[in-house]
Amino acid sequence: MKLSRRSALGLGLGGLAALSIGGIGVSLSRTAPRSPRAPLQALDERQFAVLAAVADRIVPGDHRFPSAWDLWVPEKIDANLGKAEPGLAVELGMGLLLLENAVAALLLDGRPATFTRLDAEAQDETLKRWQSSSLTLRRTIYKALNGLCTATYWSSPEIWRLVGYPGPGAHLGVKELP
Amino acid sequence: MSGQIIAAETLTDGVTLTCDVCVVGSGAGGATVAAGLCEAGLDVILLEEGGYHTRRDFDLQEQNAYPMLYQERGLRATDDGAITILQGRNVGGGTTINWTTCYRTPARILRHWADRYGLEDLSEEKLLPHFEAMEARLNIQEWPEELANENNRRLLEGCRALGYQVHAVKRNVRGCANSGYCGLGCPHDAKQGMLLTTIPDALGAGLRLIHHAQAVRLNAEGAKITSLNARVKRPDAQPDAGGGFTVKAKVFVCSGGAINSPALLLRSEINPNVLVGRNTLLHPVVAMPAIYEQPIEGWSGAPQSIASHQFVDRGPAMGFFMEAPPLQPMLAASGFYGFGKMQIDFLSQLRHVGVMLAICVDGLSESTPGGTVTLRRDGRIGVSYPTTPALEECFTFAHEILARTTFAGGAKRAVTLHPSPLELRGPQDVPSLKERRYGPLAHSIFTAHQMGGCRMSADPKDGVVGTDHRVRGQDNLFVIDGSVLPTALGVNPSHTIYALAHRARPLVIDAARGA
Ligand SMILES: Cc1cc2nc3c(=O)[nH]c(=O)nc-3n(C[C@H](O)[C@H](O)[C@H](O)COP(=O)(O)OP(=O)(O)OC[C@H]3O[C@@H](n4cnc5c(N)ncnc54)[C@H](O)[C@@H]3O)c2cc1C
Ligand code: SF4
C-alpha cells in the first residue's frame, strides 16, 4: 500500500508518530545538537537540530552566498510555524524526526543512519533517496522541507544584492501617482 | 451612512451581532455582492479572516507579504504536498494580491455549462451587462503590448516565432506604475482590487467590515440558517489565542472562495447531494525557467500581460494556456525541487531568468475531475488532488510546448522543475523531456486559481447550489465565489467571479427583503 500524506499524517498519524519516535532510544541521544539562536516557537530542540542540518544541505552556500544557517533560516521557519495552525508544526516535526530516525532508516533502507550525524555527502544522498522514494510520505516530507528552506532562504533581503535584485525601494513611500 | 472597519479582537468576547445579511469572505465574490447589498440599503456584516491591510502595510518584501496576505501564511498545499496553493487571505481576498489579468468567461465554457449543468441562465448575452458593469467599476482594460516586461515579451516573441496564437491581456488597474509587485500588494494603489473599489463602495453605504474574524460554523434549524459562530484569528498570535462571537442574520452568504467555502459548509454539516468539496479545480500550473543572454529582470513590470491560448482547447485531451509570472527572488526560487549547488548556480543568475507557465484546464471532462476538500481531524482543511493519466499527458505535452516556446523566445538554457532538473540547451534537446515522469511529486506544481467544490447546477439532484446561488435544501444560505464554478475556465477566474457576484446581488437582496 502506498503511504499517502493523508494516511500517514492524517488518519495514520499514530503510525507516523510510532515510526518517528520508535527508534527514540537509539537516536534520541545521538542527534547532533544545534542551538537555536532565538527561543523556539513551534519545534522542539531535536526537531530544530534536524531542520538546521537539512537547511544547510538544501542551501549550503558557497564562497559568494551565505548558508541557510548564516541567514537564520531554521529559526525563521520555526517562527513562521509558530504562527501557523499548530497541526502544521506537529506534522513537520514528525517528518523531521522520521528523517533523523536511525531505526526507521534501518527498517526501510537496510542501514541505520542518524541524519544529523552523517557527513554532508551522506546527507545529500539521503535527501536524494527521499526525493525519489517509492514511499509517497518520504517524497512529501522532502518537498515540504525543501520548499520551506528554499523559500525562506531566497526571501532573505541579504541575498538581494547577490542576485542583482534591487529590492522594492523605488516603489515604497510614493504618495501620489504621476 | 458610513460604515465601520472593526478588528475582531476588539469585540466583546461572546457578543451576538445582528444584521440583514452576513457575508463571509471579502474577496472577488464577497465584496462585490456586499457592495450591492449595502447600496440597496441592507444592513450588512462582512466577515474576513485575514487582516485589513493597505498600501501603508505593503513593504513588498516576500518574507512579510506571504504570511500577511496569503492563506496559511503562504504554506497551503495539497495533502501530499505536491501542489503549492497560492490563495489570498486578507481584506480583498485574492484580488489584493492577484496579478490583475481579467477575462470574460469564454463562450465555449458557458456552452459546456449549459449543456452539462443546465446553466442556460449564464449565457454570454445574459452575463454581458454584469461583465460590463464590473469592467467599468474596476477599470478593466487592455494593457498595451508595448508595455510588456521582458519576461512577458519572451512569451510574446516565442509564440509569434512558432505561429502560436498570442495576445495582450486586460488588467484591472488605474494609473499602474508597472512596478511588478502585484503579488505582494500594490504599492501605488493602482490595482483596482476589492480593497479600493467594492469595499469602499460598501463602507460608504454602511457596511460593518469585521476582519480577523473566521466563520467557523453556520447553525441551521431545518432549512434555515439562524446564526453563525466566528472566532478571532489574529495573525500575530498563536492561531487559537481565543475569542469569538455570533452573528444572527436573515440571510447568510458564503464567499470564502474555493477550498474555504466548502470547508465551512462541511464544518456546518451542510452537504447537499454529498457534493460539497468535490470537483475542486485548481488550474494546475507547470513552469519552465530559462536563462537568457539579455537581462530579464522579471521582478519589474506588470507581472502578467501576455497570454497564449493556442493549446487551451485540445478536444478530448486536457488543454492549457500559457502566461508568465512575476519573478521576485522567493517566488522564482520556490519552484526549485532540487537542492544544493544547482539551486544557487541557477538562481545566482536571477537577472537573466525568465519563466513561462502552462496553466492546465481541469474539470471539463471525466478524465480530469479535480480534487476534494475534506476536514482533517485537527480541524484543518485538507485538499486531495489525485493524478490521472489525462493530467499526466497534459503536463508532459505542456513541458514540450513550454520548452519550444522558451527557445523560440531566445533562451540559451532551460531547466525543468524535477528534483534533479533536466537541462535543455536548445530545441534539439526537447525530445529528452520524454525521459522524465510527469505528475504530482515528480516536479513542482502550483495553483493560483482555485475553483469548484460547491458547484452550480440547474438540476436539484446535482450540484451544491442552484442557478440562484442558493444552497440546495437551505432557504437563506447562498454561495457566491469561485467555488460555484462547475468547471475550470481556461482563463484567469477573477472576472468571471466578479460578474457572477454582480448578477447575484438582486437574488440576495430579494431573499433578505422577503425574509
Ligand atoms: C498570486 C495570485 C495571483 C492571481 N492572479 C490572478 C490574475 O491575474 N487574474 C485572475 O483572474 N485571477 C488571479 N488569481 C485568482 C483570483 O484572485 C481568485 O480566483 C479570486 O480572487 C477568487 O475569488 P473568491 O471570491 O472566490 O475568493 P477570494 O478572493 O480568495 O476571497 C475569499 C476571502 O474569504 C476569506 N475567508 C475564507 N474563509 C473564511 C472564513 N471561514 N471566515 C472568514 N473569511 C474567510 C479569505 O481569507 C479571502 O479573503 C490569482 C490568485 C493568486 C493567489
Ligand atoms: S504592476 Fe505595480 S503599480 Fe501596477 S498594479 Fe501591479 S503592483 Fe500596482
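The dialogue below treats the contact between two chains and then the surroundings of a ligand.

Author: This is a predicted model, in which local features need pLDDT of at least 70 and side-chain atom pairs count only at pLDDT 80 or more, while totals for chains, interfaces and linings use all residues. Residues are numbered from 1 along each chain as its sequence is written, chains are lettered from A and ligands numbered from 1 in the order in which they are written, and side-chain values use heavy atoms, with hydrogens and water left out.

Reader: How many residues does the contact take from chain A and from chain B?

Author: Contact means heavy atoms within 4.5 Å. Chain A gives 52 residues and chain B gives 59 residues.

Reader: What is the area buried between chain A and chain B?

Author: The size of an interface is often given as the accessible area lost when the parts come together. Here buried area is taken with a 1.4 Å probe and summed over both parts. Between chain A and chain B it is about 4,600 Å², and carbon and sulfur atoms give 57% of it. On the side of chain A, Lys143(A), Trp154(A) and His171(A) lose the most area to chain B, together 15% of what that side buries.

Reader: How many salt bridges does the rule find across the interface of chain A and chain B?

Author: A salt bridge is a side-chain nitrogen of Lys or Arg within 4 Å of a carboxyl oxygen of Asp or Glu. The rule finds five across this interface. One salt bridge joins the side chains of Arg64(A) and Asp345(B), at 3.9 Å from N to O.

Reader: Which residues come nearest to ligand 1?

Author: A residue is near a molecule if one of its heavy atoms lies within 4 Å of it. There are 41 residues around ligand 1, and Gly29(B), Glu48(B), Thr101(B), Gly482(B) and Ser494(B) come nearest.

Reader: Where do polar atoms of the protein lie 3.1 Å, 2.9 Å and 3.2 Å from oxygen atoms of ligand 1?

Author: For a ligand, a polar contact is a pair of N or O atoms within 3.5 Å. A polar backbone atom of Asn90(B) is 3.1 Å from an oxygen atom of ligand 1, and a backbone N or O atom of Gly94(B) is 2.9 Å from one. Gln304(B) brings a polar side-chain atom to 3.2 Å from an oxygen atom of ligand 1. On its own, ligand 1 has 990 Å² of accessible area (Shrake-Rupley method, 1.4 Å probe), and the protein covers 98% of that area.

Key: Buried area is the accessible area (1.4 Å probe) that two parts lose on being put together, summed over both. A polar contact is a pair of N or O atoms within 3.5 Å; within protein, one must be able to donate a hydrogen and the other to accept it, and residues adjacent in sequence count only if both atoms are side-chain atoms.
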